[in-house]
Amino acid sequence: MQKCLSCSEIEDPKMCKNETTCAKDEICYLHKYTTHTKQQLFDVGCKHSSLCTQGYSNILGRRSSDGVHQECESCCSGAVFCNHDLQCNHVPRQNVSERCTSDHQCKQSLSCEQNICKCVVNKFWNGSLCEPKKTFHSTCSSSDECLDTLYCNHGYCKCDASVDYWNGSSCLTGKLYNESCSNSVKCQGTFRCINNKCSCLSSEYLEGSQCLTRKLFNESCSNSVKCQGTFRCINNKCSCLSSEYLEGSQCLTKKLECEDVEGSHDGVYTIYPGGGDMAVTVYCIMRQAKKWTVIQRRVNGSVDFYRTWHEYKKGFGSVYGEYWLGNDNINIISTNGFHELSIYMEQSNLHRMANYSNFIVDNERNKYRLTVTGYSGDAGDSMNPVDDREKSNGQPFTTKDRDNDDNSNNCAVSHRSAWWYANCFGSELNRPYSGSAGTMYWVTWRSDISKSIVMIRRKS
Ligand SMILES: [Ca+2]
């Protein structure tokens, strides 16, 4: 049997001095109540034990003073005077999500809704009590913690990013593609507000309802819209047209010869003769809106010009110094549109020009046969000299290993050169730079030329 303090209408249970011995089936209780004058008072004493240990709600006790049933704060058993030190066994209270029939059965701050202990609207259970739900961009660990319409996304309360935006108090459905907008936040998903319309960036394309980044060079594609910048979708890859080449991250139209180059300064440029895949570096000379492709240049004798058919076919030397562009390239360029030829020659600070309004070099099968007519200039027409046996015009090309000239010997061998020879004279700008075999020769000017630049240009 338990002994309990037994007092009524006291302000502090600890002040109770009266003691009573409970009946066999009774235990101690503590009862707190509020009077009509708002005063808080306590009763302590014995109660029937079943009222304390069974049932889930606070037990009801009868106050001896006025006979009204009241709720008890707590009950205890097993310890003598347990209501004296207030170390009582509390009535079991239902936790969040557990079943209930009334609010009293649920733990503090929970309420019983649809027979389940829950926090009220706009509050969530933090593990020990209900607290207000969190607003946009507060930290969270689950969506329960976030206000209605918000989701816990990567630790923050957010709107459904694919369709919604936060207007300050709730998530609203964002604007669709092409709908008007005032800023990008109001556009759905990946759309941005551009010129007051929900759109994709210029580096993106629209697929379904989202903006995707356009593809880079060589990435797979289904149409050109999906390719970045100047790329086109060719054979399901973002590429350049065959008339273009890749420079950095864009396709540029191939320069077929210097005439197509945008630069205005003399120098080395890259061209694609005939628009082919082969990039060729070449020296360009820019003169008063005319842009010349240099096919031969000799200035200091640093390069040997006594070479084979194959070497003349492919070209040799350095575009930064002396070189021969190559008969294949000269053929391709000169047959791509109508071309003019200009030859600059220098000796002892004197210089002369020989210009021709028509210039064609045929292909290898036709031995790179030369057509050069329409002379003007001050060096004289050594390509078509008075002595018809010395002409270069109409002649095939001759090298030391391929004799196509009209002479009984090989002019290329006897003059250690290579040229469009007839009978070994006339024009010979590939002769040795200096030495016993002679120097560069132009029959209508002189035979000791020390510098030459042979260049061609497509006529508009
Ligand atoms: Ca011969």
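Modeller: One cavity of 30 Å³ or more is counted, where a cavity is a set of points on a 1 Å grid over the protein atoms alone at which a 1.4 Å probe fits but cannot get out. Grid points are joined across faces, edges and corners, and a volume is the space filled by probe spheres set on the points; on that basis the largest cavity has a volume of about 40 Å³. This is a predicted model, in which local features need pLDDT of at least 70 and side-chain atom pairs count only at pLDDT 80 or more, while totals for chains, interfaces and linings use all residues. Residues are numbered from 1 along each chain as its sequence is written, and side-chain values use heavy atoms, with hydrogens and water left out.

The lining of the largest cavity, meaning residues with an atom within 4 Å of a point, is made up of Ile295, Trp324, Phe359, Met383, Trp419, Trp420 and Val454. By class, this lining holds seven nonpolar residues, no polar and no charged ones, with Ala, Val, Leu, Ile, Met, Phe, Trp, Tyr, Cys and Pro taken as nonpolar, Asp, Glu, Lys and Arg as charged, and the others, Gly among them, as polar.

As for the chain around it, the protein has five helices and 36 strands, these being DSSP runs numbered from the N terminus (H or I over at least four residues for helices, E over at least two for strands). Of its 460 residues, 41% are buried, which means under 20% relative accessible area with a 1.4 Å probe and protein chains only. Helix H4 (residues 327-334) is mostly covered, with six of its eight residues buried, namely Asn327, Asn329, Ile330, Asn331, Ile333 and Ser334.

Elsewhere, Glu145 sits in the loop between strand E12 (130-132) and strand E13 (151-153) and is buried, with a relative accessible area of 12%. Leaving aside residues up to four places away in sequence, Glu145 touches Phe124, Lys133, Lys134, Thr139 and Cys140, contact meaning heavy atoms within 4.5 Å.

Note on methods:
1 Å grid on protein atoms, 1.4 Å probe; cavity = no way out; pocket = protein on both sides within 12 Å on 5 of 7 lines; lining within 4 Å. Buried < 20%, exposed > 50% of the residue type's maximum accessible area, 1.4 Å probe, protein only.
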